[in-house]
Structures are given as C-alpha cells and as structure tokens.
Amino acid sequence: MTDVPADRPDTDRPDTGRPDEDRTGESNEEPTAAELIGAALGGAARRAGLGAETGASTQHVVWGAMGGWRGILESVLPSLAFVVLFTIRPEPLVLSLGVSVGLAAVFTVVRLLQKSPPSAAIGGLVAAGAAALLALWTGNAADNFVPGLITNALYGTAMIVAALAGWSLIGLAVGFLLGEGTGWRADRRKRRAFFWLGIAWGVLFFLRLGVQLPLYLTDQVTLLGTLKLVMGLPLFAPLVAVTWLVVRALYPRGE
C-alpha cells in the first residue's frame with residue numbers, strides 16, 4: 001500500500017474556512033472567535049426553524065423563523081396585554097405587568113409540559129420578568145421597554161460593526177448553517193451580499209431604536225407599546241424573507 005503524500009489536499013471535506021487539518025480530520029489549531037460565533041449563530045438559526053435545505057420555500061422558512069402560530073402568540077400576547085391593560089387602567093401598574101409576565105409564564109409551562117423546545121418561551125419569560133421588575137422598581141411604566149431598547153442598540157451595533165469589519169454576522173450564521181463555515185469570505189459575491197444583509201439588519205434594529213427611544217423619553221407608554229408591536233414581527237418577517245431569497249440565490253439547491 002502506497003503512502004498518501006502529506007501535502008495532498010483533502011477534497012472530500014467541504015471548505016470551512018479553517019486552517020489546515022491533519023489526515024485524522026482534527027484541526028491543528030483551536031477554533032477562532034469567528035468560528036465559535038458562527039457556530040453559535042448557525043445553531044440558533046437552526047433552532048429557530050431555519051433548516052439547511054436551500055430548496056425550502058420562503059414561506060416555510062419565514063413561518064419557521066417566527067415559530068408558527070405558537071411563536072407569534074408568545075411574541076405578541078404578553079406585550080399586547082400590557083398595552084391594553086395599561087391603557088384601560090394605568091393603576092395599579094402591577095396589574096398590567098403581572099398579566100404580561102403571567103402569559104409568558106403560561107407559554108413556558110405549556111412548552112415544558114409538551115416537551116417541546118422551550119428556549120423561545122423561556123427567553124420571553126426572562127425578558128418580560130426583567131422588564132417588569134425594572135418598571136416596578138422605578139414606578140415608571142415606560143421602563144418596561146428599556147430591555148428592548150438596549151437589545152436593539154446592541155444588536156444594531158453588532159450587525160453593522162461586524163459587516164463593516166468584513167465578518168457579517170449573517171454570513172457567519174449562514175456559513176455554518178449550510179456547512180461552509182467561513183469559506184464564504186473567499187467569494188466576493190457572497191461577501192458583498194452578506195455585507196449588505198448585515199447592514200440591512202442593523203438598520204432595522206436602529207430604526208426601531210430611533211422611533212421608540214423618543215417615545216420612551218417623553219413617557220408615551222401606550223404609543224411606545226403599540227409601535228413596538230408594529231415594528232416587531234411585521235418588519236422581522238419581510239427581512240427574513242429577503243435574507244432567505246438572497247441565500248437561495250447564493251447557494252443553489254444541491255450545491
């Protein structure tokens with residue numbers, strides 16, 4: 001049996017953008033920060049319902065990203081309940097906050113009882129609980145929206161900074177979701193597409209922040225809560241659709 005030359009390229013494994021690997025398939029170096037972030041983003045996208053099959057319909061992908069009817073209800077109902085109850089009866093504040101957190105808790109318990117992935121509901125419960133505690137502590141109903149404002153600022157900054165640095169978070173998520181790793185950075189077409197997708201997502205988060213922050217500062221709680229709902233899934237879903245259409249164009253089915 002003849003020996004395989006040590007410098008022979010391994011053509012059976014997809015390019016992950018990682019450093020050279022030895023013949024046992026083990027990396028000679030530790031994963032880079034970009035690879036760890038990409039793997040985490042890809043896993044999050046998969047858990048959100050974005051599968052690795054680029055032949056899936058856009059409607060199916062968007063519906064999966066929103067979590068179906070259950071995901072929509074989990075996302076909308078707690079905030080909607082708070083806005084409606086606060087508008088009807090601002091005092092006591094604990095009433096509207098309690099119902100909002102209670103709904104989030106019910107969704108979480110139902111998921112646990114049905115043994116379905118509880119991550120989305122638990123995340124919503126934690127967010128609702130933290131926001132409610134802050135509002136109760138300060139006595140200001142508008143503070144119920146502070147965590148959302150901070151989240152939009154952080155996400156928007158991360159998306160735009162990463163895109164400008166050439167490491168689009170959308171590209172990292174898609175690369176690891178589809179098994180390409182960071183190899184997309186060697187393709188000028190993919191790199192440009194992921195750059196603009198990263199910018200688009202960053203603009204969405206900053207758009208929410210730009211509209212909602214002045215309402216928070218002027219204590220317009222009902223309008224703030226209403227616009228938070230309007231600028232939530234109704235803006236999220238179309239951008240998911242656009243993102244997936246671009247991904248399908250970049251990765252034709254069967255590639």
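Author: Start with Tyr155, which is partly exposed because its relative accessibility is 47%; buried means under 20% relative accessible area, exposed over 50%, and partly exposed in between (1.4 Å probe, protein chains only). The model is predicted, so local features need pLDDT of at least 70 and side-chain atom pairs pLDDT 80 or more, while totals for chains, interfaces and linings use all residues. Residues are numbered from 1 along each chain as its sequence is written, and side-chain values use heavy atoms, without hydrogens and water.

Reader: How many aromatic pairs does the structure hold?

Author: A pair of aromatic rings is described by the distance of the centres and the angle of the planes. Rings of Phe, Tyr and Trp (its six-membered ring) pair if their centres lie within 6.5 Å; planes under 30 degrees apart are stacked, over 60 edge-to-face, the rest tilted. The structure holds seven such pairs. Tyr155 and Phe205 form an edge-to-face pair, because their centres are 5.4 Å apart and their planes at 75 degrees.

Reader: Where in the chain do Tyr155 and Phe205 lie?

Author: Tyr155 is in helix 6 (residues 146–164) and Phe205 in helix 8 (residues 188–217), 50 residues apart. Helices are DSSP runs (H or I, at least four residues), numbered from the N terminus. Phe205 is buried, at 9% relative accessible area.

Reader: Which type of pair do Trp201 and Phe236 form?

Author: Trp201 and Phe236 are edge-to-face, 5.8 Å centre to centre with 65 degrees between the planes. Trp201 lies in helix 8 and Phe236 in helix 10 (residues 233–250), so this pair ties together parts 35 residues apart in sequence. Ring pairs link Tyr155, Trp201, Phe205 and Phe236 into a cluster.

Methods:
Helices (H or I, at least four residues) and strands (E, at least two) are DSSP runs, numbered from the N terminus.
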